[in-house]
Each structure stands twice: as structure tokens, then as C-alpha cells.
Amino acid sequence: MTPTTTPARTVPASAATASAASKPGAPAAPHHLETPAGTTPETAATPPAGTPAKTTAEATGARSDDAAELIAGARDRIDALDDRIIGLIQERMAVSAVIQEARIGSGGRRVNLAREMEILGRYRDALGKPGTALSMNVLELCRGRV
């Protein structure tokens, strides 16, 4: 039985981060997602002339075209979710800065440790031990931006 191939599913690396990178104050794309120097996102995703395009199965590591299509669709959904998560974190950072400015302006401290403990507990209760680590990272992102 000869496996069938499907057209390559190429998505420019910048497409996954385009909406996040277009927001003010958005972090730059991670190094592994950056477009190589001297190329556009479209040419960076295109294999050199004479190089056969990867099938969707090859690009996803799947063993069948059906699984590859499922993975490709799920990856698109994950990219969209990640864009929303990044946007929400950026929004949280902005709200946290407003709170910190008000607290400091009134003579208070920059950080309210009791409140941070509530947040740590909420993440831990919802996500287990990894939730604590995640909330620590979120809190770190949101501290001291004033």
C-alpha cells in the first residue's frame, strides 16, 4: 500500500504571533519563531526550489493523513488560544499597573502579599501544583511595571 500525500500545510512563523505582536507592549516573538534574516515570512516557510514539500503527516509527526489533519487543526486552535492567553496577560499587566500606581500614590506598598497568596491559592486549587508555578510567573509579569 502506497501512502497518499497531502499538500504541505505551511504557516509563516510570524502568523502565529501576528496578533500578539501587533499589540502595544507585546513581547517579541520567541527566537525559534523569528523569520531568518533576508527573508519574508512567506519565503521563510517555502522550501528551496527543488526540495519536495513536506506532507502534513511529515510536518506533524503523525503516521496517517487523518491524524495529521486532526493535529494540524488542533494546533491552529492552540495558536488561537495562546494568542488570547497572551492578550489576557497583557491586559492583566495593565490593570495591575493601575492598582500599583493607586496603592503607591496613597502611600502603600507596591505589592500586597496577602492578595498574592489568594491568587496563588486560586491557581493551585484550579490547576494543582503546576498552577502555583504558573501563578508565580503571572504575578512576576505583573509586578513593578510602574
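## Salt bridges

The structure holds 3 salt bridges (a side-chain nitrogen of Lys or Arg within 4 Å of a carboxyl oxygen of Asp or Glu). Side chains of opposite charge can pair when their charged atoms come close.

The model is predicted: local features need pLDDT of at least 70, side-chain atom pairs count only at pLDDT 80 or more, and totals for chains, interfaces and linings use all residues. Residues are numbered from 1 along each chain as its sequence is written, and side-chain values use heavy atoms, with hydrogens and water left out.

## A pair within H5

Glu 118 pairs with Arg 115 in a salt bridge; their closest N and O atoms are 3.2 Å apart. The two residues sit 3 residues apart in helix H5 (residues 113-127), so about one helical turn separates them. Helices here are DSSP runs of H or I with at least four residues, numbered from the N terminus.

Glu 118 is partly exposed, at 48% relative accessibility. Arg 115 is partly exposed, at 38%. The cut-offs are under 20% relative accessible area for buried and over 50% for exposed, with partly exposed in between (1.4 Å probe, protein chains only).

## A pair between distant parts

Glu 116 forms a salt bridge with Arg 143, with the closest N and O atoms 2.8 Å apart. This pair links distant parts of the chain: Glu 116 lies in helix H5, Arg 143 in the segment after H6, 27 residues apart.

Is Glu 116 buried or exposed? Glu 116 is buried, at a relative accessible area of 12%. Arg 143 is partly exposed, at 26%.

## The remaining pair

Asp 125 forms a salt bridge with Arg 124. Here the closest N and O atoms are 3.9 Å apart. Asp 125 counts as exposed, at 64% relative accessibility. Arg 124 counts as partly exposed, at 42%.

## Helices H4 and H6

Two packed helices are described by the angle between their axes and the distance between the axes. Helix H4 (residues 65-105) packs with helix H6 (residues 129-142) at an angle of about 55 degrees, and their axes are 8 Å apart. Axes are lines fitted to C-alpha atoms, for helices over the stretch in contact; angles run from 0 to 180 degrees between N-to-C directions.

H4 is therefore oblique to H6. Angles under 35 degrees count as roughly parallel, over 145 as roughly antiparallel, 65 to 115 as roughly perpendicular and the rest as oblique.

## Who touches whom

H4 contributes Ile 89, Arg 92, Met 93, Ser 96 and Gln 100 to the contact (heavy atoms within 4.5 Å). H6 contributes Val 138, Leu 139, Leu 141 and Cys 142.
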